[in-house]
Amino acid sequence: QVQLVESGGGLVQPGGSLRLSCKVSGSIIRSNVMGWYRQAPGKQRALVATIPRIGSTRYADSVKGRFTISRDNTKNTIYLQMNSLKPEDTAVYYCNAQIIDTSGILADYWGQGTQVSVSS
């Protein structure tokens, strides 16, 4: 069984910073593309950033220059460093990963989400 567990959300003032973490655990062989998505109230879930196992990262235009995604393959963990946060960044942030499990099956997994609130 594969699990993704996020942490690091919270309430921060505009201009502040937060760092989200997402750890993958369970019967996995390898995680391929991993990423962060967010869903604001009344809106659809949207891509924030993705990072392949090897290669270039990808960001939504709204977060370029402010957010940085990274991963530690030895720990099966990805991170999202969020700087210069704005009220419009308020959302539930979800971790996503494409994982090959020990059965050799490639599947898409989601975490439970972590709330990020930006407000003065």
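The legends below describe close-up views of a predicted model.

**View 1. The open sheet built from strands S1, S3, S8 and S7.** Four strands make up this open sheet, and they follow one another in the order S1-S3-S8-S7 with antiparallel pairing. Strand S1 (2-7) and S7 stand at the edges, where each has a single partner strand, so one side of each is left without a neighbour in the sheet. Neighbouring strands of this sheet are turned against each other by 15° on average, direction ignored. Strands of a sheet pair through backbone hydrogen bonds, in either the parallel or the antiparallel sense.

View 2. Strand S8 (residues 77-82) pairs with S7 in the antiparallel sense, and six bridges connect the two. Along this pairing Ile69 stands opposite Leu80 in S8, while the bridge partner of Ser70 in S8 is Tyr79. Four residues lie between the strands of the hairpin, in which Asn76 takes a positive phi near 50°.

**View 3. The two faces of strand S7.** In a regular strand the side chains alternate between the two faces of the sheet. In strand S7 (residues 67-72), Phe67, Ile69 and Arg71 belong to the covered face, whereas Thr68, Ser70 and Asp72 belong to the uncovered one. Ile69, on the covered face, is the residue that stands opposite Leu80 in S8, and Ser70, on the uncovered face, has Tyr79 of S8 as its bridge partner.

**View 4. The surroundings of Arg66.** Arg66 is placed in the loop between strand S6 (58-59) and S7, and its relative accessibility is 11%, so Arg66 counts as buried, the cut-off being under 20%. A polar atom of the Arg66 side chain lies 2.9 Å from the backbone oxygen of Ser84. When residues up to four places away in sequence are not counted, Arg66 touches Gln81, Met82, Asn83, Ser84, Leu85, Lys86 and Asp89.

**View 5. The disulfide between Cys22 and Cys95.** A search of the whole structure finds one disulfide, which joins Cys22 to Cys95 with an S to S distance of 2.0 Å. The torsion about the S-S bond of Cys22 and Cys95 is about -80°, and the disulfide is therefore left-handed. The pair links distant parts of the chain, since Cys22 lies in strand S3 (residues 18-26) and Cys95 in strand S9 (residues 91-101), 73 residues apart. Cys22 has 0% relative accessibility and therefore counts as buried, and Cys95, at 0% relative accessibility, counts as buried.

Note on methods: Residues numbered from 1 in each chain as written. Predicted model: local features only at pLDDT ≥ 70, side-chain atom pairs only at ≥ 80, totals over all residues. Heavy atoms only, no water. Buried < 20%, exposed > 50% of the residue type's maximum accessible area, 1.4 Å probe, protein only. Pairing = 2+ DSSP bridges. Axes fitted to C-alpha atoms, helices over the stretch in contact; angles between N-to-C directions. Polar contact = N/O pair within 3.5 Å; in protein donor to acceptor, adjacent residues only side chain to side chain. Contact = heavy atoms within 4.5 Å. Disulfide = S-S within 2.5 Å.
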